[in-house]
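Hello,

Here is the structure I promised to pass on to you. Please open it beside this email, and then read on for what turned up in it.

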Amino acid sequence: MLTAAPRGTKDILPATVASWRYVEETMRTVSDIYGYGEIRTPIFEHTELFLRGIGDTTDVVEKEMYTFTDRGERSITLRPENTASVVRAYVENKLYAEGTPTKLFYIGPMFRYDRPQAGRMRQFHQFGVEAIGAAPAIIDAEVIVLAADILNKLGLKDLKLLINSVGCPKCRPEHRQKLRNYFHPYLEELCEDCRSRYDRNPLRILDCKQPACKQIAATAPTLDTCLCEECSIHFSELQSLLMAAKLKFELDANLVRGLDYYTKTAFEIQYTPLGAQSALCGGGRYDGLVEQIGGPATPGIGFAMGIERVLLALEKQGSLPFSHNFVDVFIVSTEAKHRDLAFNMMKQFRNLGLKTEIDFIGRSLKAQMKQANRLNARHAIILGDEEVARGKVVLRDMRTSEQNEVNIDGISKLLCKTEVRENE
RNA sequence: GUGGCUGUGGUGAAGUGGUUAACACGGCGGAUUGUGGCUCCGUUACUCGUGGGUUCGAUCCCCACCAGUCACCCCA
C-alpha cells in the first residue's frame, strides 16, 4: 500500500511529460490567439459552491465529490470541475469591471470519485475555457471553434462535433411537461433509473441506453420542437456561424449535459475510437450560473477538455511527437585525481548552456563510453592522465569517431562553435 | 456503484500441483592492462498482486481483498 499510488491516480513520468507539455502548450498558444487569459483558481473550494453551482441532484455532486471537513470545521471539496470556481473568481474579483466579455482559460487537476477506467481517473486534468458576459451566439461559435481548433492543431482526425440546444428557463418547463405526458403511459416499461428520472429530470430519459427505454424515447417530443423564439433564433444563428467557419457539426437532439447549469447551447466533441470515454470535450452555455452563485445576472459559455483523453486519442492515432533526448558533452574521467577538473569543466559547459553529463558511480572507461553512447552524447571529452599532464584533453566526436587532442583552456569556446554550427 | 476479463522480474511474456520459474528486451560487468555504437560471454525473479484456505506439498485449486481493463453508469 505504501508503494502504490491511490486508486485512480497516476504518476506522470519524465518520458510522458513531454507529451503533456506539447498538448498544454498547444492549448495555451491557441487560447492566447483567441484572446483568452489564463486563470488559476484553488484546487479546493467551499462545498457549498459546487452544490449551488453544479446542482445538488447531479451525479457529480451526489456521489463523486471528495468532500471533507478541515481543521476549522469548514466543509471543503476538491474541485470536480472548474466552471463554478472560475465563475466564483469572476464575481469575487469583479472581473466584469475589466470589460465585457471576460475570456478565461484554465488547465489543472480535477477530482471525481468514479470507478477508474482508461480515460477516467479520480484525479484527472482538464483544460477549459469560459467566456462570461456575452449572450449572442457569436461567442458560442467562437468557443466551439476554439475547441475544435485546438484538437485540429494537435492533429486529431475523425472528430465528431455534436450540438444541441437545451433551452432556457422559459421553454424548458414546457418541454419537461410534454415529456412527462408522453412517458406517463409507459412508466411501467421504463427501467428503474428512468422511473426516477421521470420525476427528477425527464430529459435524461432521452439519454438512457436501455433498449426498452431507447425504443420508447425514440418518438418522444424533442426539445427543438419546444424551444422558445429566443432560444430557437439563438440556435439557428449558432449553426449559421459554424457553417460560416466551415466547421462540420451534427445536430443531436439527445445531447444532454449532466450538470444543471447548462442553458441553450450544448456541445460535445467526440473521438469515437476511445469507446465509452470518447468525449474529448464538452460544454455549453450557462446563463443562470453567475446569478445562481450570488453574482449579477450574467450570461456565460464554456467547455472543458479532458487532457488524458486527448493524450489517449493522440496515442491511438500515433500522433504523439517523439522526443529524442541527447546531451552535448559527456565527460569521461576515470582518475580520481582528475575529478575536480572534470567537475569544474562540467560546470563551465553548463554555464554556456551545453547539456553536459558525467559518470556518477565510478564506472570504468569503457563503461563510461557506453554510458555516453546511451545518453546520445554528441561529444565525449576524455581526461587521459597523460594528456591532462600536458594541459590537453581528448575531444571525440561520437558520431564520426574522429578525435583529437585539444587544449584544456579554450575548449569551451571550441565546443560552443561546434554546437552552433550543428544547430544551423 | 453493477457485471465480465486479467494480475509471473524494470518491460514484453512462456510455464507446471512436487528437485534449479523458459525465452526476448533492458540494466550491470566483461571479452586487447586507455574509448562507445555490431557480435559474443557472465550476471540480473530468497519468487509468481496481497492475505487466508485445501493439500504431505501450490505460482499453478478455492475464498477474500487490492489493482488494471472492458461494458454499464457517469462524464472530460
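**A covered strand and its partners**

Strand E9 (residues 263–270) is mostly covered, as eight of its eight residues are buried. Here a residue is called buried if 20 or more other C-beta atoms lie within 10 Å of its own, exposed if 12 or fewer, and partly exposed in between, with the C-beta atoms placed from the backbone. Helices (H or I, at least four residues) and strands (E, at least two) are DSSP runs, numbered from the N terminus.

Before going further, please keep in mind that this is a predicted model: local features need pLDDT of at least 70, side-chain atom pairs count only at pLDDT 80 or more, and totals for chains, interfaces and linings use all residues. Residues are numbered from 1 along each chain as its sequence is written, while chains are lettered from A and ligands numbered from 1 in the order in which they are written.

**An open sheet with a helix on it**

Three strands form an open, antiparallel sheet in the order E2-E4-E3. Its edge strands are E2 (44–46) and E3 (66–69), each pairing on one side only. On average, neighbouring strands of this sheet are turned by 30° against each other, direction ignored. E2 is joined to strand E4 (residues 75–78) by three bridges, and His46 has Ile76 in E4 as its bridge partner.

Helix H2 (residues 47–54) packs on the sheet and touches E2, E3 and E4, with its direction at about 80° to that of E2. Such axes are lines fitted to C-alpha atoms, for helices over the stretch in contact, and the angles run from 0 to 180 degrees between N-to-C directions. Two residues are in contact if their C-beta atoms, placed from the backbone, lie within 7 Å.

Within H2, Phe50, Gly53 and Ile54 are buried. They are on the same side of H2 because they cover an arc of only 75° around the axis; the arc is that of the directions from the helix axis to the C-beta atoms. The cover over the buried residues of H2 includes E2, helix H3 (59–63), E4, H4 and helix H10 (289–292). Just after H2, Gly55 has a positive phi of about 110°.

**One residue in H4**

Ala89 sits in helix H4 (residues 83–92). Is Ala89 buried, exposed or partly exposed? Ala89 is partly exposed, because 19 other C-beta atoms lie within 10 Å. Leaving aside neighbours within four places in sequence, Ala89 is in contact with Ile39 and Thr41.

**The cores**

The largest nonpolar core has 63 residues, of which Val143, Ala147, Leu280, Met305 and Val310 touch the most other members. A nonpolar core is a set of buried Ala, Val, Leu, Ile, Met, Phe, Trp, Tyr and Cys residues joined through C-beta atoms within 7 Å. Helix H5 (residues 137–153) gives the largest share of this core, ten residues. Apart from this core lies another, of 17 residues, including Ile331 and Met398.

Enjoy exploring!

Definitions and conventions: Two strands pair if DSSP finds at least two bridges between them.
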